[in-house]
Amino acid sequence: MAGDGEEALAAFVALHGAALRASRVPTQYWESLSRKLRGEVFDAGDYFGIMQVEEVDEEEEVDEEMEEQLKKKPNPGNGPCFKVIVTNENGLQASNPDSVFLVDHAWTYRAEHARQQLRRVPGLLHRMANLMGVHFHGEVPDEGSIEQVLQEMWKYNQTYQLSQGTAEEKVPVWYIMDEFGSRIQHSDQPSFAAAPLFYMPQQIAYTVLWPLRDLETGDEVTRDYAYGETDRLIRKCVLLPWVPAEVLDVNCFTPEPPDEHYQAILAENKEKLPVAIKPPVYAKDKVFKVFTDIQQVLNNLTHPRFVFTDNEGEADILYNFSHFKDYRKLSEERPEVMVNQFPCENLLTVKDCLASIARRAGGPDGPRWLPRTFNLQTELPQFISYFQQRERRGEDNHWICKPWNLARSLDTHITNNLNSIIRHRESSPKVVCKYIEEPVLFEREDVGPVKFDVRYVVLLRSARPLQLYSYDVFWLRFSNRAFSLDDLDDYEKHFTVMNYAPGVTLKQVHCEDFIPLFEKQYPEYPWTTVQASIFKAFAELFQAASSKPAPLGICDYPSSRAIYAIDLMLKWDTSRDGKRIMQPQILEVNFNPDCDRACQYHPTFFNDVFSTLFLDETDNCHVTRIV
């Protein structure tokens, strides 16, 4: 039997050892944890009990210690408060290998599905309302109670992410522990630690709970809601959902990060910068051999001066879909080989870096063409100060939380709930950007005025001297429902990316048809003027990105060329002389964009791109020079 147990433990550790180490679950508990998971043993009830803490009337005298305890209540003003205590008459010894417990999860969901599940899953709203102290007595879910639960749930939410699978499957999962787990209060000197564990054999997540010291009967079970955070100010910010506080004294300016920040990004990306080379010179009639793994290029590049090769070693041009890393080796061994990427271009294509380098063009607040953006990992206090100042002034406070490096609006959330934004920081690295509360809308006959965004494809021929072109055709994406600043989780009202959502209408309008329709709706704003302001924003962005040497800016490697897609919206703003203007807002810059629609409607697209980038010939190409 002992052999069986050892085998089971070895198999358990092989599957879960890395996760347990990352969560700092002591090894002494692993065997017992493995056994409890296999047998689905939930024995916390033998050791702990939930106790209701009585509210104190304001008239009654309260000693200072009691007052401090009340301030730390996790659900202030929400009915009764509970705490968990040790009820086992022998107490609990941290050295006992069985002192590890499983906590079940009452609700597991992805944030964008929360409202729908509260409406549809029988009994869910009732249970969550009870757990959170929200008054709900009806049988049928009502929108008021649902809204309250959606606001309150950020005090109870925990999160984990799957490390494998598609981009969609890697979107963070949120969960709320059962009544026992959710009643465990916060303490700066916690008696327990807790961490989620995804149990592979059952494909179910549990929370693992273990003691940090010996406890006697009647001692309280607490955990640190800001576990692992040592900086006092950051702890104060992270604990804000449970311990309300003002951080208005923090300066909300966000200067550009120091040089070391960019050095660290370079090291993390494992990118090796090229050595200095002389710009290669090619014969005027040279036919270039192209090595590529991009099907759209293979299918559509027909220009006579480019031929494909399957041999990477003989290629003149490497046109790769994935990120190139070792520029040093390429520059030393084959400096004449051109590549479709620039070293350090992630400064443009990753959202937190984009916000950092943009400050070179617009100071600590950023330029007018970029929504005010904060990096939640490094600028949380500044963001909260800014949010609270806006709140005090009665200004709009809708924000959009975006992961640094995911596309297609995945794991992107619009909210005016500060607790929600603070908690989203725990799931994956994110920026938070001011949501455009007054976008320029487009009147759709079938729907009404909707949000739209515009995608331009830009071609970077050289970083220094800066040579930047725009493809002459732009692409449009539209929301499917009339815009209003409510129903923030209504995807078809607030988002424009419809081509990945199953069963959703995709409205397509070609840019040649769009311009006259737009000018009819906005006769005082000719598209040529709007586009001039868009190109000015692009020029300022790329000037900022290439103004410093790598890794502080895009590397000016002479053999690099690149194509990017820039997504933008227009918002209503006021110019310095008091005129109402359409101000471009750059949303993101995409590396190696999907050019399927471009090729479908414009068969010469890749001929134009290759001619501009690699031959430096733009005559008869559908491109406009921006810089």
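1. The structure, which is a predicted model, holds 37 salt bridges. One of them joins the side chains of Lys-548 and Glu-256, at 3.5 Å from N to O. This pair links distant parts of the chain, since Lys-548 lies in the loop between α18 (527-545) and β24 (562-574), while Glu-256 lies in the loop between α8 (232-238) and α9 (259-269), 292 residues apart. Lys-548 is partly exposed, at 28% relative accessible area, and Glu-256 likewise counts as partly exposed, at 22%.

2. Arg-481 deserves a separate look, as its side chain meets that of Asp-490 in a salt bridge of 2.6 Å, N to O, and that of Glu-492 in a salt bridge of 3.6 Å, N to O. Glu-492 sits in helix α16 (residues 491-494), and Arg-481 in the loop between β23 (475-478) and α16, 11 residues apart. Arg-481 is partly exposed at 37% relative accessibility, whereas Asp-490 is buried at 17% and Glu-492 is buried at 19%.

3. A network of salt bridges links Arg-115, Arg-119, Glu-143, Glu-147 and Asp-489.

4. The axes of helix α5 (residues 124-132) and helix α6 (residues 143-152) come within 10 Å and cross at roughly 55°, which makes α5 oblique to α6; the crossing is left-handed. From α5, Leu-125, Met-128, Ala-129 and Met-132 meet Ser-145, Ile-146, Val-149 and Glu-152 of α6, and by class this contact has six nonpolar, one polar and one charged residues.

Terms used: Residues are numbered from 1 along each chain as its sequence is written. This is a predicted model: local features need pLDDT of at least 70, side-chain atom pairs count only at pLDDT 80 or more; totals for chains, interfaces and linings use all residues. Side-chain values use heavy atoms; hydrogens and water are left out. Axes are lines fitted to C-alpha atoms, for helices over the stretch in contact, and angles run from 0 to 180 degrees between N-to-C directions. Helices (H or I, at least four residues) and strands (E, at least two) are DSSP runs, numbered from the N terminus. Angles under 35 degrees count as roughly parallel, over 145 as roughly antiparallel, 65 to 115 as roughly perpendicular and the rest as oblique. A crossing is left-handed if the near helix is turned anticlockwise from the far one by less than a right angle, and right-handed if clockwise. Contact means heavy atoms within 4.5 Å. Ala, Val, Leu, Ile, Met, Phe, Trp, Tyr, Cys and Pro count as nonpolar, Asp, Glu, Lys and Arg as charged, and the others, Gly among them, as polar. A salt bridge is a side-chain nitrogen of Lys or Arg within 4 Å of a carboxyl oxygen of Asp or Glu. Buried means under 20% relative accessible area, exposed over 50%, partly exposed in between (1.4 Å probe, protein chains only).
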